Amino acid sequence: MKADDLKTEDVEVPEWGGTVRLRTLTGEQRDAFEQSMVETKGGKQKQNLANFRARLIAKCVITKDGELMFSPPDIKPLGQKSAAALSRVFDACQKLNGFSESDVEELTEGFDDAPQGLSTSG
């Protein structure tokens with residue numbers, strides 16, 4: 001499949017001194033991002049919302065050469081940037097990648113601390 005279907009979009013971020021270029025996620029990258037929303041420890045599944053916005057942004061922002069600008073160690077410092085700037089870039093990432101509000105709700109709902117496969121009802 002040789003079709004280049006990865007779109008880009010430039011987003012003004014005056015707080016960061018200019019513009020960032022976003023690229024759509026590949027299917028593999030989106031799956032990895034969605035999987036990163038769930039942590040499994042001791043047989044329990046739990047939401048992982050830590051730096052949610054920064055994690056998506058890190059998967060979308062590219063350099064002028066088309067390479068990802070941020071690596072995993074950059075996510076924590078990225079998450080410490082202006083909430084207004086992060087929200088603007090995050091919203092653009094969401095839109096560019098076709099994340100609907102229901103997609104985001106689905107990623108961030110329905111977790112508890114009960115072990116998988118066990119009911120907490122009597």
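**Notebook: core, helices and sheet**

I began at Ile57, and I find that Ile57 touches Leu78, Leu86, Val89, Phe90 and Cys93, leaving aside residues up to four places away in sequence; contact here means heavy atoms within 4.5 Å. I note that this is a predicted model, in which local features need pLDDT of at least 70 and side-chain atom pairs count only at pLDDT 80 or more, while totals for chains, interfaces and linings use all residues. Residues are numbered from 1 along each chain as its sequence is written, and side-chain values use heavy atoms, with hydrogens and water left out.

**Overall make-up**

I looked up the secondary structure next, which comes to 5 helices and 5 strands, where helices (H or I, at least four residues) and strands (E, at least two) are DSSP runs numbered from the N terminus. Along the sequence I read the pattern β-β-α-β-β-α-β-α-α-α. Of the 122 residues, 30% count as buried, with buried meaning under 20% relative accessible area, exposed over 50% and partly exposed in between (1.4 Å probe, protein chains only). Among contacts between residues at least 6 apart in sequence, 59% join residues at least 24 apart.

**Nonpolar core**

I then asked which residues have the most contacts inside the largest nonpolar core. They are Leu22, Leu56, Ile57 and Val89, in a core of 25 residues; such a core is a set of buried Ala, Val, Leu, Ile, Met, Phe, Trp, Tyr and Cys residues joined through side-chain atoms within 4.5 Å. The elements giving two or more residues to this core are S1, S2, helix H2 (52–60), helix H3 (75–79) and helix H4 (83–96), and H4 gives the most, with 7 residues. In soluble globular proteins, nonpolar side chains tend to be buried together.

I checked how far H2 is covered, and 7 of its 9 residues are buried, so H2 is largely enclosed by the rest of the structure. The buried residues of H2 are Phe52, Ala54, Arg55, Leu56, Ile57, Ala58 and Cys60, a list that I note includes Arg55.

For helix H1 (residues 27–35) and H2, I record that the axes come within 11 Å and cross at roughly 165 degrees; axes are lines fitted to C-alpha atoms, for helices over the stretch in contact, and angles run from 0 to 180 degrees between N-to-C directions. H1 and H2 are therefore roughly antiparallel to each other, given that angles under 35 degrees count as roughly parallel, over 145 as roughly antiparallel, 65 to 115 as roughly perpendicular and the rest as oblique. The crossing of H1 and H2 is right-handed, where a crossing is left-handed if the near helix is turned anticlockwise from the far one by less than a right angle, and right-handed if clockwise. In this pair, Gln29, Ala32 and Phe33 of H1 meet Phe52, Arg55, Leu56 and Lys59 of H2.

H2 and H4 pack at an angle of about 60 degrees with their axes 9 Å apart, which makes H2 oblique to H4. I list the contact as Phe52, Arg53, Leu56, Ile57 and Cys60 of H2 with Leu86, Ser87, Val89, Phe90, Cys93 and Gln94 of H4, and H2 passes H4 in a left-handed crossing.

**Sheet**

I turned to the strands and find an open sheet of 3 strands in the order S1-S2-S5, with antiparallel pairing; two strands pair if DSSP finds at least two bridges between them. S1 and S5 stand at the edges, each with a single partner strand, so one side of each has no neighbour in the sheet. H4 packs on this sheet, touching S1, S2 and S5, and its direction makes about 165 degrees with that of S1.

Strand S1 (residues 8–13) pairs with strand S2 (residues 18–23) over 6 bridges, and I note Thr19 as the bridge partner of Glu12 and Gly18 as that of Val13. S1 and S2 form a hairpin with 4 residues between them, and Gly17 in the turn has a positive phi of about 85 degrees. S2 is joined by 2 bridges to strand S5 (residues 61–62), where Ile62 is the bridge partner of Arg21.

**A backbone check**

Last, I looked at Asn51, in the loop between strand S4 (44–47) and H2. Its phi is near 50 degrees, a positive value in a residue other than glycine. Most residues other than glycine have a negative phi. Asn51 is partly exposed, with a relative accessible area of 30%.
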